[in-house]
Amino acid sequence: MVSVARSPGDQQLPKHVAIIMDGNGRWAEMRGIPRVEGHRRGANVVNDVVKAAHELGVECLSLYAFSSENWSRPKSEVRALMALLSWLLPKQLEQMMAQGVRLSTLGDLSQLPLRTQKVLHQAINKTQNNQGLHLVLCLNYGGQQEILAAAKELALQTLISNDPQSFLAQTHLETFRAMMWRNELPVVDLLIRTGGEYRISNFHLWDAAYAELYFDAVLWPDYQAEHLIAALKEYSNRERRFGLISAQVAPHE
Ligand code: IPE
Ligand code: IPE
Ligand code: MG
């Protein structure tokens, strides 16, 4: 069992932790082996991180596995990534069931190969009543694409409403978020990126507004529970102010 040492004044644990799992390719290139080997090693790490997140009390873990922009990578790499997903998911299903993991996805699945869609839907259906960690695989996901889709939905709902002007006047940030793919996900509290780059790369743009950001140099295939624990510790010592001042948000004695 892993644990995070708590100290007085610690914030709650993040409810929703999101991870940009970056660095697979470099991990492999450093070893002179094909990039796809890095993806394979990276995929194997996921199980351990899911287990650790659950034991640490995280409710929702979203993992950036394939971005809308990743389609432009060499065809062989894209094909290998999709094949890896189709091969690995059924193998991991047993473990997900044992751990009570509930799987869902974020992104436009319709563009994925049919075989990949099928194994995803099977895993989502099989795990739908599980009560443990909510694992969100972000596949063919782009934050800009998600916001654009919500904007289109808003336009459509406005067009068909009886009073478009008051409909728009009543559309607030929360109602707009409810039109997004993420409508059933808790807001991201902590956004981690591995691999040493300092960018968001189109992940969770809407929730990134006030997510705490944590950049870790470790390459994803080397990621372990201890890295997650370090991120959670750092999070627990941050003060989230949401535009207020410290005196307004500091916990009362
Ligand atoms: C992240 O690792 C995994 C995917 C994008 C699918 P990368 O493949 O981007 O690894 P680097 O950044 O090239 O090392
Ligand atoms: C982000 O990593 C996407 C995933 C981890 C799935 P990338 O490697 O695609 O991001 P960039 O190209 O370095 O910004
Ligand atoms: Mg990368």
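A molecule sits in a pocket if more than half of its atoms lie within 2 Å of the pocket's grid points.

Before we go on, some ground rules. What you see is a predicted model, where local features need pLDDT of at least 70 and side-chain atom pairs count only at pLDDT 80 or more, while totals for chains, interfaces and linings use all residues. Residues are numbered from 1 along each chain as its sequence is written, chains are lettered from A and ligands numbered from 1 in the order in which they are written, and side-chain values use heavy atoms, with hydrogens and water left out.

Back to ligand 1. Its shell holds the residues with a heavy atom within 4 Å of the ligand, and these are Met 21, Asp 22, Gly 23, Asn 24, Gly 25, Arg 26, Arg 35, His 39, Ala 65, Asn 70, Arg 73 and Leu 81. Helix α1 (24-30) and helix α2 each bring at least two residues to this shell, and α1 gives the most, with three. Helices here are DSSP runs of H or I with at least four residues, strands are runs of E with at least two, and both are numbered from the N terminus.

Now look at the polar contacts, meaning pairs of N or O atoms within 3.5 Å; within protein, one atom must be able to donate a hydrogen and the other to accept it, and residues adjacent in sequence count only if both atoms are side-chain atoms. Arg 73 puts a polar side-chain atom 2.7 Å from an oxygen atom of ligand 1. The side chain of Arg 35 has an N or O atom 2.9 Å from a ligand 1 oxygen, and a backbone N or O atom of Gly 25 also lies 2.9 Å from an oxygen of ligand 1. On its own, ligand 1 would expose 380 Å², and the protein buries 87% of that. Such areas come from the Shrake-Rupley method with a 1.4 Å probe; for residues, only the protein chains shown count as cover.

His 39 is buried, at 8% relative accessible area; buried means under 20% (1.4 Å probe, protein chains only). Setting aside neighbours within four places in sequence, His 39 is in contact (heavy atoms within 4.5 Å) with Asn 24, Arg 73, Glu 77, Leu 81 and Leu 84.

Next comes ligand 2. Around it are Ile 20, Met 21, Asp 22, Tyr 64, Ala 65, Phe 66, Ser 67, Asn 70, Arg 73, Arg 193, Arg 199 and Ser 201. Strand β2 (residues 60-67) gives the most to this shell, with four residues. A polar side-chain atom of Ser 201 lies 2.6 Å from an oxygen of ligand 2, the side chain of Asn 70 has an N or O atom 2.9 Å from a ligand 2 oxygen, and for Arg 193 the distance is 3.4 Å. Taken alone, ligand 2 exposes 390 Å², of which the protein buries 78%. The space ligand 2 takes is the largest pocket.

Let's step over to Met 82, in helix α3 (residues 75-99). Met 82 is buried, with a relative accessible area of 6%. Leaving out neighbours within four places in sequence, Met 82 is in contact with Phe 66, Trp 71, Leu 112, Pro 113 and Thr 116. Met 82 and Arg 115 are 33 residues apart in sequence, and their C-alpha atoms are 9.0 Å apart in space.

Ser 104 belongs to strand β3 (residues 102-106) and counts as buried at 17% relative accessibility. Its side chain makes a polar contact of 2.7 Å with the side chain of His 134. Beyond four places in sequence, Ser 104 touches Ile 124, His 134, Leu 135, Val 136 and Leu 137.

Asn 140, in strand β4 (residues 134-141), has a positive phi of about 45 degrees although it is not a glycine. Asn 140 is buried, at 8% relative accessibility. His 204, also not a glycine, has a positive phi near 40 degrees. His 204 is found in the loop between β5 (190-193) and β6 (212-215), and it is buried, with a relative accessible area of 0%.

How values were computed
Buried < 20%, exposed > 50% of the residue type's maximum accessible area, 1.4 Å probe, protein only. 1 Å grid on protein atoms, 1.4 Å probe; cavity = no way out; pocket = protein on both sides within 12 Å on 5 of 7 lines; lining within 4 Å.
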